[in-house]
Amino acid sequence: MNVEHEVKRLVEEIQRLGSKNADGQTSVTFGVLFNDDQCANIFEALVGTLKAAKKRKVVKYDSELLLQGVHDSVSITLLQE
């Protein structure tokens, strides 16, 4: 799969699992994404896909590296719907 396709799928999954925040943006925690069975089947490297999406300014989150367990409560916000 190419990176653009992976990022597009990530946006769809954040929209499916997330909820609107006070600013009207969709957000979801890393733990919810990581532990979702459908996401596990789609993404071989969820952290890599998130990093690529962050680099393209599609999502934002406040951590350089996301680790399962440690960063489960980190909020990932969709910048482009």
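Helices (H or I, at least four residues) and strands (E, at least two) are DSSP runs, numbered from the N terminus. The model is predicted: local features need pLDDT of at least 70, side-chain atom pairs count only at pLDDT 80 or more, and totals for chains, interfaces and linings use all residues. Residues are numbered from 1 along each chain as its sequence is written, and side-chain values use heavy atoms, with hydrogens and water left out.

**Exercise 1. The sheet**

Task: Find the order of the four strands in the open sheet, and state which are the edge strands.

Solution: 
- Step 1. Two strands pair if DSSP finds at least two bridges between them.
- Step 2. Strand E1 (residues 19-20) and strand E2 (residues 26-29) run antiparallel and are joined by two bridges. Ser19 stands opposite Ser27.
- Step 3. E2 is joined to E4 by three bridges, again antiparallel. Here Thr29 has Ser75 as its bridge partner.
- Step 4. Two bridges pair E3 with E4 in the antiparallel sense, and Val59 has Leu78 as its bridge partner in E4.
- Step 5. The order is therefore E1-E2-E4-E3, with antiparallel pairing. E1 and E3 are the edge strands, as each pairs on one side only.

**Exercise 2. Two threonines**

Task: Then list what each is in contact with, leaving aside neighbours within four places in sequence.

Solution: 
- Step 1. Buried means under 20% relative accessible area, exposed over 50%, and partly exposed in between (1.4 Å probe, protein chains only).
- Step 2. Thr77 lies in strand E4.
- Step 3. Thr26 belongs to strand E2.
- Step 4. Contact means heavy atoms within 4.5 Å. Beyond its sequence neighbours, Thr77 is in contact with Asn21, Gln25, Thr26, Ser27, Val58, Val59 and Lys60. The C-alpha atoms of Thr77 and Ser27 are separated by 4.2 Å, although the two residues are 50 apart along the chain.
- Step 5. For Thr26, the contacts are Ile14, Gln15, Gly18, Ser19, Lys20, Ile76, Thr77, Leu78 and Glu81.
- Step 6. A polar contact is a pair of N or O atoms within 3.5 Å; within protein, one must be able to donate a hydrogen and the other to accept it, and residues adjacent in sequence count only if both atoms are side-chain atoms. The side chains of Thr26 and Lys20 make such a contact (3.5 Å).

**Exercise 3. Helix H4 and what follows**

Solution: 
- Step 1. H4 spans residues 46-55, and Leu46, Thr49, Leu50, Ala52 and Ala53 are buried there.
- Step 2. An α-helix has 3.6 residues a turn, so residues three or four places apart point the same way.
- Step 3. The buried residues of H4 pack against helix H1 (3-17), helix H2 (30-35), strand E3 (59-60) and strand E4 (75-78).
- Step 4. Lys57 lies in the loop between H4 and E3. Its phi is near 60°, a positive value in a residue other than glycine. Lys57 is exposed, with a relative accessible area of 58%.
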